[in-house]
Amino acid sequence: MNVTSVDFSMDTVPLRQSSTASIGRIKPELYKQKSVDSDGEAKEPVETCGKLSFSLRYDYEEQALVVRILKALDLPAKDFTGTSDPYVKIYLLPERKKKFQTRVHRKNLNPMFDETFCFPVVYDELCNRKLHFSVYDFDRFTSHDMIGEVVVDNLFELSDLSREAVVWKDIHAATTESVDLGEIMYSLCYLPTAGRMTLTVIKCRNLKAMDITGSSDPYVKVYLICDGRRLKKRKTTTKKSTLNPVYNEAIIFDIPPENVEQVSLSIMVMDYDRVGHNEVIGVCHAGPDAEGLGRDHWNEMLAYPRKPITHWHALGEWPGRAASFESQGSCPSPKPPQTP
């Protein structure tokens, strides 16, 4: 079914050998390169939300970067109870397929993680890679709240990584850009007489790049859910090497009118991986128990039967991966460093 729907470059100034007097007529300040830090516009202060402690070292035998997440301090309260349920997710950018995360620490604003993870990477490639830590507040029923992030642009900032180096970094508050996973446009249409609901996946835009090439191979997977159980699953075709895929594909579910208030939809945008596991880019929900636009879209579909209702939906973090409360892909911890 198809739906139409500073510049820092400097000119080279040739200088002739001449007397001291002639050199004095040249004004050297005119040829000085402007420093980035001396720009007229003052940089906006970055909001911080606690500190993160971790250590780095390189394992030459295993050819892997060993990252040990130690602890976090003074995290902000995200729950109405005045606390948070934090965990940390970590990438070695630009690749996003290989990611690890810590266990969730319940009701703790100063969690002690002490978990170790290994990223296979050749030593000579470390100068082109950077570590990205994302601190999240776990929520069992909705998308997780991103507390903040830490980015290590230079992995050799403190040492050559031959020994374990402990680092403390400010956690920068999450911004719209840092939590943006992209958007999906889809339409919902319900035919009460036939007991049939059609979800048409139209397109996505600005998806988060998951591959080291800076792209993704996205497809959309849709679950029909009742009482927390996945009843049926459908998916679209895969679009290769794009962050703005166009689908125009219809997915149909048979839902009798008497059950339409008991079901909901989970729409997941996935990144296909030929070799490893397919990764979730982001997720959104539609149904009577969904939040915000997901619930409004569902209600609008029921209010206007037989009419396709189309909306853009922002993608959120997938809560399922942290729900197990287990660390992902950890490796044996080295000897503990001195307490920072």
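This is a predicted model: local features need pLDDT of at least 70, side-chain atom pairs count only at pLDDT 80 or more; totals for chains, interfaces and linings use all residues.

Colleague: What is the strand order in the open sheet of eight strands?

Modeller: The order is S4-S3-S6-S7-S8-S1-S2-S5, and the pairing is antiparallel.

Colleague: What makes strand S4 (99-101) and strand S5 (112-120) edge strands?

Modeller: Each of these two strands pairs on one side only. From one strand to the next, the twist averages 25°.

Colleague: How do you know that strand S1 and strand S8 pair?

Modeller: Pairing requires at least two bridges between two strands. Strand S1 (residues 48-59) and strand S8 (residues 165-173) are joined by seven bridges, so the two strands pair. They run antiparallel, and Leu52 stands opposite Lys169 in S8.

Colleague: Which strands form the open sheet of four strands?

Modeller: Its order is S13-S10-S9-S16, with antiparallel pairing. Strand S13 (246-254) and strand S16 (309-314) are the edge strands, because each pairs on one side only. On average, neighbouring strands of this sheet are turned by 25° against each other, direction ignored.

Colleague: Why are strand S9 and strand S10 called paired?

Modeller: Nine bridges join strand S9 (residues 183-191) to strand S10 (residues 196-205). The definition asks for at least two, and therefore these strands count as paired. Their directions are antiparallel, with Tyr190 opposite Met197 in S10.

Colleague: Which helix packs on this sheet, and which strands does it touch?

Modeller: Helix H3 (residues 293-303) packs there, touching S9, S10 and S16. Contact means heavy atoms within 4.5 Å. The direction of helix H3 makes about 175° with that of S16.

Key: Residues are numbered from 1 along each chain as its sequence is written. Side-chain values use heavy atoms; hydrogens and water are left out. Axes are lines fitted to C-alpha atoms, for helices over the stretch in contact, and angles run from 0 to 180 degrees between N-to-C directions.
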